Amino acid sequence: MSVAQRPQPRPGVLAIEAYVPGKSTAPGIARPIKLSSNETPLGPSPKAIAAYHAAADQLPHYPDGTARPLREAIGRAFGLDPTRIVCGAGSDDLLYLLARGYLVDGDEAIYTTHGFRIYPIATLSAGGAPVVAAETNYTADVDAILGCVSERTKLVFLANPNNPTGTYLPFDEIRRLQRALPPHVILVLDAAYAEYVRRNDYESGIELVATSENVVMCRTFSKIYGLAALRLGWLYGPAPVVDVLNRIRGPFNVNTPAMAAGIAAIEDTAHVEAGRAHNDRWRAWLTEEIGKLGLEVTPSVANFVLIHFPEVKGRSAADADTFLTKRGLILRRVVSYQLPHALRLTVGSEEANRLVVAALADFVGQS
Ligand SMILES: Cc1ncc(COP(=O)(O)O)c(C=O)c1O
């Protein structure tokens with residue numbers, strides 16, 4: 001068969017650089033410490049684990065295709081109308097659905113230089129064109145985003161806080177962006193790390209969704225709730241957008257055990273608070289201790305920090321990654337985020353955090 005005769009994917013698909021998840025193994029190390037995927041060191045609420053187990057007797061049955069019990073629990077927890085919530089198999093699912101629902105061939109979706117990798121992937125897989133807006137000091141720049149808007153723009157993807165930089169935009173900047181966007185452009189506020197943010201000028205998106213027609217907010221159970229394996233996310237948006245996503249999503253895109261665990265997790269507010277308190281303490285400690293080693297750390301409001309390394313042989317991010325991996329400490333390389341000189345470190349357990357700082361001290365000392 002000639003190449004031309006082979007089945008051909010839609011245009012754009014072969015331009016996708018496939019997503020590479022954080023590493024979870026280190027050669028020769030039986031139990032490495034994984035700090036490469038922004039998972040919580042506290043694990044899920046014990047109540048979520050119990051609910052997951054209890055759902056085992058439901059396995060022969062299809063899930064509630066509307067995810068109603070989960071949407072109602074989210075509605076109660078956040079004071080939201082459950083009919084304006086869509087649940088997904090992770091928030092990734094919802095990002096893909098937005099691209100599929102709103103991009104017609106060649107339509108543009110804007111994201112920022114160091115924005116989450118799924119945005120261009122979802123855009124290209126829907127036949128759209130990703131457009132990159134420059135950042136300033138590793139932070140999204142509203143004017144740069146607005147400068148990228150064209151007649152073909154349909155979506156703006158913005159992680160707030162952003163992964164992998166950990167930086168955020170205050171609410172007045174988000175509102176300025178929303179007000180200046182043409183009304184037919186959907187502003188996607190991806191608030192995967194919202195629970196970790198402790199800033200008075202931060203707003204996850206709930207306020208803006210409630211008061212506008214073209215904003216959606218995505219949230220996840222993979223981070224502070226510790227349910228990454230179950231693939232659970234949700235979106236809050238205007239009724240017409242919710243209607244579109246409900247038409248095109250998989251009819252059973254959220255499974256029963258995930259829903260049961262998600263409901264228990266969201267109701268265990270003490271566990272969420274414990275995760276937040278742990279993160280506050282250790283993110284500050286890591287930032288300070290790593291800074292003392294002479295390495296620059298971007299100030300983060302999330303559950304990870306971005307560490308910058310000199311682009312010097314023997315002292316680079318790649319060298320540090322090799323050094324740390326040999327000690328069983330797995331951080332995240334972020335070359336595909338246009339950050340070849342940096343590593344992203346998830347805030348871990350006390351033991352993990354201390355091991356990382358000690359290892360980095362050795363790395364800096366020996367190099
Ligand atoms: C900014 C951002 N959005 C979305 C996600 C996806 O999360 P989920 O596990 O819900 O698909 C992540 C996960 O790393 C993320 O960092």
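Buried means under 20% relative accessible area, exposed means over 50%, and partly exposed lies in between, with a 1.4 Å probe and protein chains only. By that definition A67 is buried, at a relative accessible area of 5%. This is a predicted model, in which local features need pLDDT of at least 70 and side-chain atom pairs count only at pLDDT 80 or more, while totals for chains, interfaces and linings use all residues. Residues are numbered from 1 along each chain as its sequence is written, and side-chain values use heavy atoms, with hydrogens and water left out. Helices (H or I, at least four residues) and strands (E, at least two) are DSSP runs, numbered from the N terminus.

- Five of the five residues of β3 (residues 108-112) are buried, so the strand is largely enclosed by the rest of the structure.
- In a regular strand the side chains alternate between the two faces of the sheet.
- In β3, E108, I110 and T112 point one way and A109 and Y111 the other way.
- β3 runs parallel to β4 (residues 129-133), joined to it by five bridges; two strands pair if DSSP finds at least two bridges between them.
- A129 in β4 is the bridge partner of E108.
- β3 also runs parallel to β7 (residues 153-159), with three bridges between them, and A109 stands opposite L155 of β7.
- A right-handed β-α-β unit is made by β3, helix α4 (residues 118-125) and β4; right-handed means that, with the strands pointing away from the viewer, the path from the first strand over the helix to the second runs clockwise.

**T123 in helix α4**

- T123 belongs to helix α4 and is buried, with a relative accessible area of 1%.
- A polar atom of the T123 side chain lies 2.7 Å from the backbone oxygen of Y119.
- Leaving out residues up to four places away in sequence, T123 touches A99, L103, A109, G128, A129, P130 and F157, where contact means heavy atoms within 4.5 Å.

**Backbone geometry in loops**

- N160 and P161 are joined by a cis peptide bond with omega of about 0°, and P161 lies in the loop between β7 and α6 (171-180).
- A67 is not a glycine, yet has a positive phi of about 55°; A67 sits in the loop between α1 (46-54) and α2 (68-78).
- R231, also a residue other than glycine, has a positive phi near 60°.
- R231 is in the loop between β9 (215-220) and β10 (233-236) and is partly exposed, with a relative accessible area of 32%.

Note on methods:
A polar contact is a pair of N or O atoms within 3.5 Å; within protein, one must be able to donate a hydrogen and the other to accept it, and residues adjacent in sequence count only if both atoms are side-chain atoms.
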